[in-house]
Amino acid sequence: MPERVDEALELASSSRGRVNSMPSQPSSTMNKLCRQVSIESPGPLLKDCVFSFDVPVPDVPVTGARIRVECAGACYRLRRTPSQSSISSVSSLTSMPSLTSLSGDVSTICIGAPSASAPSHPNQTPAHYGVRDAALFPGYEVAGIVEAIGEEITNPGIGVGDKVVVYPYEGVPHGYAEYMTVPDLQYLVKVPDLMPLSVAAMLPTGALWAMNTIQVAKEHIIKILHDKGDSGKVKVLVVGTGGLALWALRLAQHYLKDVGDKVLLAVACLRDEGILLAKEAANVSVVQWNEDCYERTLIERTKDSLDGEVDIVIDFGTTSRSLHRSLQCLSKGGIALISSEVAERLLPKFSRRAEERQQSIKSVEVGSLDQLRELVELVASGQLEPPPHTVFPADQAKEVIRKLCNSEIQGRAILRFHSID
Amino acid sequence: MLGISDKVLEVCSELILSEKHLNEVMERLRKEIVKGLSKETNETATVKCFPTYVRNLPNGKERGKFLALDLGGTNFRVLLIELGGDNREPTKFKMQSKIYAIPQNIMLGPGEALFDHIADCLATFIIENSMKREVLPLGFTFSFPLRQEGLTKARLVTWTKGFKCAGVENEDVVRLLKEAICRRGGAEIDIMAILNDTTGTLMSSAYRNHNCKIGLILALWLSMIIIQDVEIDVCAVLNDTTGTLMSCAWLNPNCRVGLIVGTGTNACYVEKLENVGLWDSDYNEPAKVIINTEWGAFGDNGVLDFILTDYDRDVDEQSINRGKQLYEKMISGMYMGEIARLILERLTKDGHLFNGQGSDNLYKRGNFFTKYISEIESDKPGEYQNCRQVLEELCLNYITDQDCKDVRYVCEVVSKRAAQMAAAGVACLLNKMGEKSVVVAVDGSVYRFHPHFHNLMTETINRLADPGIKFDLMLSEDGSGRGAALVAAVACHNRTGPGNHRR
């Protein structure tokens, strides 16, 4: 501890010294710039959504830390302001932050006919395969090594050189740079030595989002089972076999163990390669949602594979089309869980239809900081096995995003920012 | 009221077929059918007109329990069908079925793996339905061009609809199926009724020694295969068009034509035996047989070149079966969306749609699905809700109402041409049969789901068919499943010979 204090003081002193003597020491050894990769929501032309810059190395916040980024999950940044999530109040495991119910939003939505020449909204959901498959999704996933700690921190608990994963707090940087900072140490979760940083990088959005969704689903499953009585079964459909969906399947295996014999789980595969991935999980039915099939054929096929209508649909990459399809597979009183990213736009469109059949469409946010801590423990202890992933150099981000948009990468794609330790 | 853009009208004009075009198509198809039926010219004919060996149509009194397998364009299904209620409701039936996925690697891999997959699905179905010890006739619907050599023997002529399994073309698909079921292992040779001492000795040896090779030979020889104590009697292999006709004929005695317009297209009809040059069996009553035309290959010899567009040639060149199934590629759902996409791509790149700004999704081959055409044409006139949703899915910005109107027009031109071409084929068959009143059984996703296809076909056939011929296009329910059961039922009813005797 005293050594760390000394080190911090030394850094501060050194910094001051450099500033003071700048005119007389032009050959400074301080690295001023670093590379940043920004991934925007994929639009009409894929080559337009990945950018690379040189940006200044950020200063160390006095109450936070600077992280040397080693691995980052390939996610895109939402163009609009992220919805308010309460980070200040730490959530318990059983609380569900930021659930959006239908009734509150509908009355304020104006559904007018578009004018003749109006361009469509720039934040439309891209219908790329990989997005619908939940292979590519919005988020911020960084795992790295603590490089410096703020000078006002007296009792860190985390030290320079520690491996950490960063919780995606409000105000995370726009894009992945070789260095990033957090304003508060609470946003850092230590990664055990045996866990590769590429695995850790999958956790802060993909796994966390899937975890929160499965926990929400479990609450509904328990309620449905209670209503159905002893012989009842709950039918759950997960759409897609991209990284998010694969996490959901694994988390379902873990969190639904105690009700496992009463839950029928099916996966809607958008790509043939997904069938093998889905079948890794035991006792999972697979239904092919080939996009070239007519909607009624797919709905019939889905009901056939689960012997009837579905009680819960989990669709991270939902579009108007797949949500409409999901609702037609859902039973009366059924629940569709969709990502908060698209809920804002789709709820007005579908709420009346859902109400007619007493169906609910609920949006699910990325999970809480405590949930992230739990995730790290589950993976570290081997209770939760990560989906397959591939590591790519960060300078190949453009190609990686193109492949993800076409669901050509099985599991997750991780960008590596420094040479392998 | 917005009109269609001039440039869009101009680009689409080459897809519009005149009455003269359609009459020429009819005449050329008639000639190809005659060539296909004739023994001397069948070898070189493009429309092969295979006899199906199905001679009897159902009469509504068929009874019994049947298994059916359905390998087609989009699904693989196993069905258990029980035909016949009581005397008051003779056409009542019960059905259990299960849909199984066929991954791309199986569609394109070795044929043995495909048939193993089918056998696995069948076994899974039998286990899941806790089927008890019994003998079940099985009808196998194989929706690809087949050259039948008997009711239970048929060779695959060529793969279509995206399949390309090695080692299946020109092979007997019934034999491949039986071998796959035997390969599953665990198939127990039950002691059968003894036909003669030799058989009994051989059976006894096989049972005692668990000699797989002998068991295989016996199973093949006796045409008996067993899964979980259920004895499977493959008594028919058929094409989905035959099943469609049979399923409709069960309810409509005037049904004589079966038509599929779905992932692919094909037709069958009832022909007099005297016209079937390839016929190699008896001429007892009824002196007729269902002919599987395999008309998708019409045009493979160039007789349709006079109406092919560059879009059609592009679709053909990029397909897995280049130079084949030309008529099918102008009509069926597997290709219709791509034709529309190619037109939209050209119009966009030339600056006539979406302000000249396309998207990777629009420019990607295969990304404009045929169902988009049906959805866009389901919008009410002047409304563009479905159209806008489709275009948004293609990541297009700057969509105007004029764009939507033009896109809809492109879809209408493509689908109307398909309907007219299919109608020309049906009219050709009606004229050839010369019967006064005919029901045409139709199935397939394009016919089922496109909002205007039925009417477009009806009005075109009305113009092209000979005066005095009355016809109805009727949607046929589950030709691949129930039709297969009916073929099996009729086949069992008419079967004679030692194979009929069971324990």
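Let me start with salt bridges. Across all chains of this predicted model, the count comes to 44 salt bridges. In general, side chains of opposite charge can pair when their charged atoms come close.

Asp227(A) forms a salt bridge with Lys223(A), and their closest N and O atoms are 3.3 Å apart. Why are these two separated by about one helical turn? Because they sit 4 residues apart in helix α5 of chain A, which covers residues 203–228.

Arg183(B) has a relative accessible area of 37%, so it is partly exposed. Asp116(B) has a relative accessible area of 23% and is also partly exposed. The cut-off for buried is under 20%.

Arg313(B) and Asp310(B) meet through their side chains in a salt bridge, at 3.5 Å from N to O. They are 3 residues apart in helix α9, residues 310–317 of chain B, and therefore separated by about one helical turn. Are the two partners exposed or partly exposed? Arg313(B), at 33% relative accessibility, counts as partly exposed, while Asp310(B), at 55%, counts as exposed.

Now the network. Which residues are linked in a network of salt bridges? From chain A there are Glu291(A), Glu295(A), Arg321(A) and Arg325(A), and from chain B there are Lys371(B), Glu375(B) and Glu393(B).

One of those residues, Glu295(A), takes us to helix α8 of chain A, residues 295–305. That helix is mostly covered, with 8 of its 11 residues buried. Glu295(A) is among the buried ones, and so are Thr297(A), Leu298(A), Ile299(A), Arg301(A), Thr302(A), Asp304(A) and Ser305(A). After α8(A) comes Asp307(A), which has a positive phi near 55 degrees.

Two further residues have a positive phi. Ser407(A) is not a glycine, yet its phi is positive, about 55 degrees. Ser407(A) lies in the loop between α12 (397–405) and β16 (412–416) of chain A. With 12% relative accessibility, Ser407(A) counts as buried. In chain B, Asn170(B) has a positive phi of about 70 degrees, and it is not a glycine either. Its place is the loop between β7 (153–156) and α5 of chain B. Asn170(B) is partly exposed, at a relative accessible area of 45%.

Next, a pair of helices. Two packed helices are described by the angle between their axes and the distance between the axes. In chain B, the axes of helix α11, residues 333–349, and helix α15, residues 401–433, come within 10 Å and cross at roughly 145 degrees. The crossing of α11(B) and α15(B) is right-handed. On the α11(B) side, the contact is made by Met336(B), Ile339(B), Ala340(B), Ile343(B), Leu344(B) and Leu347(B). On the α15(B) side, it is made by Val407(B), Val410(B), Val414(B), Ser415(B), Arg417(B) and Ala418(B). Sorted by class, that contact of α11(B) with α15(B) has 10 nonpolar residues, 1 polar and 1 charged.

One more residue in chain B: Arg77(B), in strand β3, residues 76–83. Is Arg77(B) buried or exposed? At 13% relative accessibility, Arg77(B) counts as buried. Leaving aside neighbours within four places in sequence, Arg77(B) is in contact with several residues, including Ala68(B), Asp70(B), Lys98(B), Asp478(B) and Gly481(B).

Chain A has 12 helices and 16 strands, and of its 421 residues, 56% count as buried. Among its contacts with a separation of 6 or more, 76% are between residues 24 or more positions apart. Chain A exposes about 18,600 Å², of which carbon and sulfur atoms supply 52%.

Chain B has 18 helices and 14 strands, and 58% of its 503 residues count as buried. For chain B, residues 24 or more positions apart account for 72% of the contacts with a separation of 6 or more. Chain B exposes about 20,300 Å², with 48% of that supplied by carbon and sulfur atoms.

Definitions and conventions:
Residues are numbered from 1 along each chain as its sequence is written. Chains are lettered from A and ligands numbered from 1 in the order in which they are written. This is a predicted model: local features need pLDDT of at least 70, side-chain atom pairs count only at pLDDT 80 or more; totals for chains, interfaces and linings use all residues. Side-chain values use heavy atoms; hydrogens and water are left out. Axes are lines fitted to C-alpha atoms, for helices over the stretch in contact, and angles run from 0 to 180 degrees between N-to-C directions. A crossing is left-handed if the near helix is turned anticlockwise from the far one by less than a right angle, and right-handed if clockwise. Contact means heavy atoms within 4.5 Å. Ala, Val, Leu, Ile, Met, Phe, Trp, Tyr, Cys and Pro count as nonpolar, Asp, Glu, Lys and Arg as charged, and the others, Gly among them, as polar. A salt bridge is a side-chain nitrogen of Lys or Arg within 4 Å of a carboxyl oxygen of Asp or Glu. Buried means under 20% relative accessible area, exposed over 50%, partly exposed in between (1.4 Å probe, protein chains only). Accessible areas come from the Shrake-Rupley method with a 1.4 Å probe; for residues, only the protein chains shown count as cover.
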